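Subject: Structure for you to look at, with notes

Dear colleague,

My notes come after it.

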Amino acid sequence: MKNLVICSLLLLFISCSENKNTSPSETAKIVAKSFFSKDESVLKKHTTPEGYSSLVTVQNMIPDSDKEIEVEILDEAIDGEIAWVKYSSTYDGKSGIFKLVKENGQWKVTNKGPR
């Protein structure tokens, strides 16, 4: 009985730690924060391979920041499996736009740039 309880708790823990389905805005916020804080593992998890490569190239050109970066979502447009999210950050005060695609049920950033 004790083993059954332990196994049940373990399965519950694993299922709760799985990726949840995040909205395009939530994904964009995660990507922007991980981009500016240079957290490449989080960045890679929420981007397509092309998006990751592009963002890391740009990321290597920006200076490190030790301040907490805040990201605000300004707008979101979803058209089927594609979304565009406009955001601003406290890193530089500028706004940006991410293009996202749905991959295996998860939204991922594929591009940064104008719509």
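Predicted model: local features only at pLDDT ≥ 70, side-chain atom pairs only at ≥ 80, totals over all residues.

The protein chain has 115 residues, of which 33% count as buried, and its secondary structure comes to four helices and four strands. Read along the sequence, these elements follow the pattern α-α-α-α-β-β-β-β. Of the contacts in the protein chain with a separation of 6 or more, 45% are between residues 24 or more positions apart. The chain exposes about 7,500 Å², and carbon and sulfur atoms supply 54% of that area.

Turning to the strands, β1 (residues 71–79) pairs with β2 in the antiparallel sense over eight bridges, and within this pairing lysine 86 in β2 is the bridge partner of aspartate 75. The hairpin of β1 and β2 has two residues between the strands, and glycine 80 there takes a positive phi near 70°. Strand β2 is largely enclosed by the rest of the structure, because six of its eight residues are buried.

Next, the interior. In soluble globular proteins, nonpolar side chains tend to be buried together. In this model the largest nonpolar core has 20 residues, and those with the most contacts inside it are Phe36, Leu43, Leu55, Phe98 and Leu100. At least two residues of this core come from each of α2, α4 (49–59), β2, β3 and β4 (106–112), and α2 gives the most, with five residues.

The aromatic rings deserve a separate look. With ring centres required to lie within 6.5 Å for a pair, the count comes to three aromatic pairs. In one of them, the rings of phenylalanine 36 and tyrosine 91 have their centres 4.7 Å apart and their planes at 20°, and since planes under 30 degrees apart count as stacked, this pair is stacked. The pair links distant parts of the chain, with phenylalanine 36 in helix α2 (residues 24–37) and tyrosine 91 in the loop between β2 (82–89) and β3 (95–103), 55 residues apart. Phenylalanine 36 counts as buried at 6% relative accessibility, and tyrosine 91 counts as buried at 17%, the cut-off being under 20%.

Another stacked pair is formed by tyrosine 87 and phenylalanine 98, whose ring centres are 4.7 Å apart and whose planes are at 20°. This pair too links distant parts of the chain, with tyrosine 87 in strand β2 and phenylalanine 98 in strand β3, eleven residues apart, and both tyrosine 87 and phenylalanine 98 are buried. Ring pairs also link Phe35, Phe36 and Tyr91 into a cluster. A charged group is placed beside a ring elsewhere, where lysine 44 lies over the face of tyrosine 52, at 5.4 Å from the ring centre.

Serine 34 is found in helix α2 and is buried, with a relative accessible area of 4%; leaving aside residues up to four places away in sequence, serine 34 touches Asp39, Val42, Leu43 and Gln59. Leucine 74, in strand β1, is partly exposed, with a relative accessible area of 43%. Not counting residues up to four places away in sequence, leucine 74 touches Lys86, Tyr87, Ser88 and Ser95. Leucine 74 and glycine 96 are 22 residues apart in sequence, and their C-alpha atoms are 9.5 Å apart in space.

With best wishes

Methods
Residues numbered from 1 in each chain as written. Heavy atoms only, no water. Phe/Tyr/Trp six-rings, centres within 6.5 Å; stacked < 30°, edge-to-face > 60°. Buried < 20%, exposed > 50% of the residue type's maximum accessible area, 1.4 Å probe, protein only. Lys NZ or Arg CZ within 6 Å of the ring centre and 35° of its normal. Pairing = 2+ DSSP bridges. Core = buried A, V, L, I, M, F, W, Y, C linked by side-chain atoms within 4.5 Å. Contact = heavy atoms within 4.5 Å. Areas by Shrake-Rupley, 256 points an atom, 1.4 Å probe, with all protein chains shown as cover.
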